[in-house]
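Me: I would like a close look at one part of this model, the place where its two chains meet. Please take it step by step.

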Protein chains: 2
Amino acid sequence: MASAKRLGILGSTGSIGVSTLDIVAAFPDQFEVVTLTAGNNLVRLEEQIRRFRPQMVAVLSEDGAKQLKQRLGDEAPQILSGIEGLVACATHAGIDMVVSAIVGAAGLVPTMSAIESGKDIALANKETLVTAGSLITEAVARHGVRLFPVDSEHSAIFQSLEGHRMDDVRRLILTASGGPFRNRPLEEMVDITPADALAHPNWSMGRKISIDSATMMNKGLEVIEARWLFDVPADRIAVHIHPQSIVHSLVEYIDGAVIAQLGIPDMKTPIAYALSHPNRLPLDLPALDLCSLRNLTFDDPDLERFPCLGLAYDALAMDGTAPAVLNAANEVAVDAFLNEEIAFLDIARIIGATLKGLKVKPLEHIDDVLRADLWGRREARRLIDSQAEGGQAC
Amino acid sequence: MASAKRLGILGSTGSIGVSTLDIVAAFPDQFEVVTLTAGNNLVRLEEQIRRFRPQMVAVLSEDGAKQLKQRLGDEAPQILSGIEGLVACATHAGIDMVVSAIVGAAGLVPTMSAIESGKDIALANKETLVTAGSLITEAVARHGVRLFPVDSEHSAIFQSLEGHRMDDVRRLILTASGGPFRNRPLEEMVDITPADALAHPNWSMGRKISIDSATMMNKGLEVIEARWLFDVPADRIAVHIHPQSIVHSLVEYIDGAVIAQLGIPDMKTPIAYALSHPNRLPLDLPALDLCSLRNLTFDDPDLERFPCLGLAYDALAMDGTAPAVLNAANEVAVDAFLNEEIAFLDIARIIGATLKGLKVKPLEHIDDVLRADLWGRREARRLIDSQAEGGQAC
């Protein structure tokens, strides 16, 4: 029997982190937790430390690290803080695979560090590939590590490519629930409130991701990720609206065959596949009962009503720093929408205007990404403020 | 570049044979036709000979062979007849792969001969695995050849297994159109006529196969084939009614993931995959446009209205000679239904009664299959005649 796979879990108290640890708990012979990192949820992290006994953990602040040390007393592992702590947990000599599940731009640097120290990556952090795709894929190739997608769409494509040749691929087809407004006419989208947008039909998710689902920017970001994960150009990546969220994505081949991965909407399946590839784990999940479903439908997305999806393709075409700027502007715009500073349709307008003002530069180093991210945030913020002052931002 | 794959095509004038040759014609660098066999369609065979220049052909009768020689004159290849001719074309030293596309029980012996002489098989003939599954899979293993399924359901499962581990499979799910009577209440199935039954919604096919589709015996036979092709026990092979015939079949894994193969209903895709596995061929087929479909639905089959499906599972459970008897009785019963000797619902009754009278024997040699086939035909015929004479056959 192979020895247990030794894991570092970045973002262990978030939803992906918790599901990952559920899987570890269910298969204790197969996995060992060596490092954990969390942001501010010290209560949950403390429970996880007592249960999984990692050798090293990292939290956001020095103060948090101190608190945690006190609470754990003699049971405390090595406890670090800040970005140095994160990187130490991502590059620890005792781990085989890093589960990159930090939400947001903070995931980029530790993920890159993990790749550079030869760790395989189970990637849940969207920003890593969205903002730094070319740098990440270069580093993955250079260090001979493997990058396994964790979110359901990319895992579906990954599973639909296994055993088949990339040369035979015609198109990748990402499915999208279409979000809560998929059937709403454009003229009724003007007065969408944050509360309207925070209700998602199929998946339970955080506020930022819910808004991304409502604008379909989530799918735009996934198109960018797919471009890098699978090395397929954007014009061969399609999006289909599939409100039932049962077909998680598809691959179309040159002979007309389409391979798809289906399942109930549960993140444990893609997480477990990333953790144990090429093997599968016998998860304790209800089987997909196709016969109990009313039907499965597919539709082309409406780029007029969901311009964020088009903006993501635009950013891919602009290349270089553009996707990082798209992502940064989106974060700022979504935040402004949630704070009721701007209207729903302004999200895309702010992002579009930010991209319009960008002088694209090539990505040569991770610092180029960080600079582009910063510029995108400032520019989007400026445009929002100028709009609030009655100016014509976009 | 690899040299062309050298093919022997058994049943070259039937629908699978013709599609196979269409693919050969489209990819002349990749395939070479070395042998062809046909039954009575000498006109089409002559055209195929002039076009594809095989080294050897076989037809059903000596008389047919003579005619063909005369018509081809100096252009005639070696022309044989009868079962010896078939076997010679299946075992020719110059071929790498045999496309087994003869319809009916006549396909069994030449297919087994091809396996025994070390040829890979692209298998379209249903009877081979239905009647002699254990013998065939034994021979395939002993001679180290590969057996590629050609029909759409098994090809879909084969494609959905590629790159994944058989140990991780929970269930195979064969889809079925459900045939023309999938929504007809049982009491209205009594007076179904051959003409009613010969209209199939999605695929164009021969008379025997159309009736098998209407009774769902086609799916029963496919369950038996799947059991042998993939070495999965019958209780882990399910059937779903899927009237749109877009999802060609699915595989459910232990982690809840389901992999499916989809496509337009065209036999060229599975044929080409069998011919060129693990590569795919860029076929000139319209792409599957999921967004133009109204919806996709799945239902459990109703074994009360479609008892033939249950009989196939019964025959698998009985093992040994039972599937060969099931198949033989079905052929005779379908024939009697087409000749208006028996009613639609009698087809299953005759098959059930035939199986009931069977003393199952293990399969040790292909002759056991041939004897069981003969016995099944005679017994089914006897039951039909006795019913016609007013007796209570079943």
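How many residue pairs are in polar contact between chain B and chain A, counting those with both at pLDDT 80 or more?

Reply: In this predicted model, the count between chain B and chain A is 18 residue pairs in polar contact, with both residues at pLDDT 80 or more. On the side of chain B that touches chain A, strand 10 (247-253), strand 11 (258-262) and helix 11 (268-276) of chain B each supply at least two residues, and strand 11 of chain B gives the most, with five residues. Sorted by class, that side of chain B has 20 nonpolar, 11 polar and 10 charged residues.

Strand 11 also takes part in pairing between the chains: strand 11 of chain A (residues 258-262) is joined to strand 11 of chain B by five bridges, and the two strands run antiparallel. Within this pairing, Ala260(A) stands opposite Ala260(B).

As for charged pairs, the rule finds two salt bridges across the interface of chain B and chain A; one of them links Asp255(A) with Arg280(B), whose closest N and O atoms are 2.8 Å apart.

Taking the interface as a whole, 41 residues of chain B are in contact with 41 residues of chain A, and the area buried between the two chains is about 3,600 Å², of which carbon and sulfur atoms give 55%.

Conventions. Residues are numbered from 1 along each chain as its sequence is written. Chains are lettered from A and ligands numbered from 1 in the order in which they are written. This is a predicted model: local features need pLDDT of at least 70, side-chain atom pairs count only at pLDDT 80 or more; totals for chains, interfaces and linings use all residues. Side-chain values use heavy atoms; hydrogens and water are left out. Contact means heavy atoms within 4.5 Å. Buried area is the accessible area (1.4 Å probe) that two parts lose on being put together, summed over both. A salt bridge is a side-chain nitrogen of Lys or Arg within 4 Å of a carboxyl oxygen of Asp or Glu. A polar contact is a pair of N or O atoms within 3.5 Å; within protein, one must be able to donate a hydrogen and the other to accept it, and residues adjacent in sequence count only if both atoms are side-chain atoms. Helices (H or I, at least four residues) and strands (E, at least two) are DSSP runs, numbered from the N terminus. Ala, Val, Leu, Ile, Met, Phe, Trp, Tyr, Cys and Pro count as nonpolar, Asp, Glu, Lys and Arg as charged, and the others, Gly among them, as polar. Two strands pair if DSSP finds at least two bridges between them.
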